[in-house]
Amino acid sequence: MPRSRFTGLIVIAVVLAVLPFLLPNNFYLDLAIRMLINACIVLGLNLLIGFAGQISLGHAGFVGIGAYATAVLTTHYGWSPLAAMLAGALGAGVLAALVARPIFKLKGHYLAMATLGLGNIISIIVRNEAALTGGPDGMPVPALALFSFELSGEKQWYWVVSGILLLSLWASLNLINSPFGRALRALHGSEVASQVVGVDVAKYKLAIFVLSAVFASLMGSVTAHYVGFVTPNVADFFHSIELVTMVVIGGMASIYGSVIGAVLLTALPQALAGFEGWETVAFGAILMFCMIFMPKGLVPTLAAKFGRR
Amino acid sequence: MALLEVSNLTKIFGGVRAVQNVSFAVDAGIVYSVIGPNGAGKTTLFNLITGIYVPSEGQIRLDGRDIAGVAPHELARFGMARTFQNLQVCMNMTALENVMVGAHLRLDRNLFKGALRFPSIARRDAVLREEAAELMRLVGLEAFTDAHADAMPYGALKRLEIARALAAQPRVLFLDEPAAGLNPKETGEVDILVRKVADSGVTVVLVEHDMKMVMNISDQILVLDYGRKLAEGTAAEVRRNPDVIAAYLGTHQ
């Protein structure tokens, strides 16, 4: 059984390896890169929502912190991209740690509201601090250069982002089946039961919140470099909702579901472009259909159907 | 000195005195039962001792250390484990994983070592898997070793909680109605299991409604009524106590 846990990982690795040779042009490669970046963020968010059972409706705020740390620090202050990226991650981590104690005293709807507020505050700050962030117009971001090597072109980006995703998938699979991960899932299953066996619930919620915030921030920095431009949309409420939707559609507490959810919801708007003006309606209808017929999400539902958990 | 000493313990919920001035002591290695009519304060007493509730007054000493108001996850460090009357099984995990969680404090819980799957973590987990399977055999759940928790029947889940508590290798185990909802055959099995656990040196504190079981396996019995201590003694003593008979059967006026 421990071996078969990684079957999905191998399948994804193979798909990622052959995909660029099958894609007709850079438009699709660009789409694939955006899918992979989203998959990484969603994976981190699924650890928090699906595995630990703690909702965050403000996660785009952390993506925004990373994206803007990269944009502002490299452009205005001449920091190296790596330093800016780490500073963003540190900032996101510290913020997450500071708010975690009070915020995770809340549960359910109240926790949702509190995280929503947190995300909105970050979003408002980047929109209003126009002198630094360019305000609603956004600002350009220089290319990602590490030492003397500069990452350029969709091909290079594709391989880098693929590597990040595979590594994160591997680490996540390990984590959820480690003592830390089991404690995390246990506090979701029964908070009081996990407490009486010695799980410091507040500490674990804090740790996974910080981890997913730091990861979101790092991927925000990556996105900023890749796109070459940031706008406040990256941190706003709709992006947060989009991320949560990817978690739910793919499947809560499903590592591979995170990837499937991110891939589908990133591709869907493109696939629906033909509907002209009706695409949001079609988008919403598909989401409703998924939730009514597959409330557990795609991957868990299909896995159950084919006799595997 | 007694392993567990409770003195003048009181818990007030609003205007209700759920537990009033209760004092008792539990010696190491015995089976100590708490009985009483519904609403007598048995579960409240359990929740006070195991840190779920903070006492309004009184002391709780484990090994002479005052533990009143200490958080449950801290108490686990002192060798305290418990099960719940209303099941608290993690339905999002397998049966075996539920038991493995019980060993939480005995494991290296480092996030990064876990994520990078250090060989030490992988080795320990492999051993733990065996230990957990062994515990499931002990409580009679060998048929469910590969089962997901949400696919198990009620009676099995009650025993799964006991296995999880034992995985912590506790010194004192609190069982809140382990036989509730079980059929007579299952009750008999839990009966034997509790005795087996006690014989292995774990002190057992038990809340139970099944009188046959209580009278069978208890070394000492505490009787509560309306939150007060009504009587304490061996099964024979408690059975003869007129106050206890009155509380359970009523009195002729």
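The model is predicted: local features need pLDDT of at least 70, side-chain atom pairs count only at pLDDT 80 or more, and totals for chains, interfaces and linings use all residues. Residues are numbered from 1 along each chain as its sequence is written, and chains are lettered from A and ligands numbered from 1 in the order in which they are written.

Chain A gives 26 residues and chain B 33 residues to the contact between them (C-beta atoms, placed from the backbone, within 7 Å). On the side of chain B, at least two residues each come from α2 (72-77), β6 (80-82), α3 (95-102) and α4 (111-115); helices (H or I, at least four residues) and strands (E, at least two) are DSSP runs, numbered from the N terminus.

In chain B, six strands form an open sheet with mixed pairing, in the order β6-β7-β8-β3-β9-β10; strands pair if DSSP finds at least two bridges between them. Its edge strands are β6 and β10 (228-233) of chain B, each pairing on one side only. β6(B) runs parallel to β7 (172-176) of chain B and is joined to it by three bridges. In this pair, B:Ala81 is opposite B:Leu173.

In chain A, helices α2 (26-51) and α7 (153-176) pack with axes 9 Å apart, at an angle of about 20 degrees; axes are lines fitted to C-alpha atoms, for helices over the stretch in contact, and angles run from 0 to 180 degrees between N-to-C directions. α2(A) and α7(A) are therefore roughly parallel (under 35 degrees).

Methods: Two residues are in contact if their C-beta atoms, placed from the backbone, lie within 7 Å. Angles under 35 degrees count as roughly parallel, over 145 as roughly antiparallel, 65 to 115 as roughly perpendicular and the rest as oblique.
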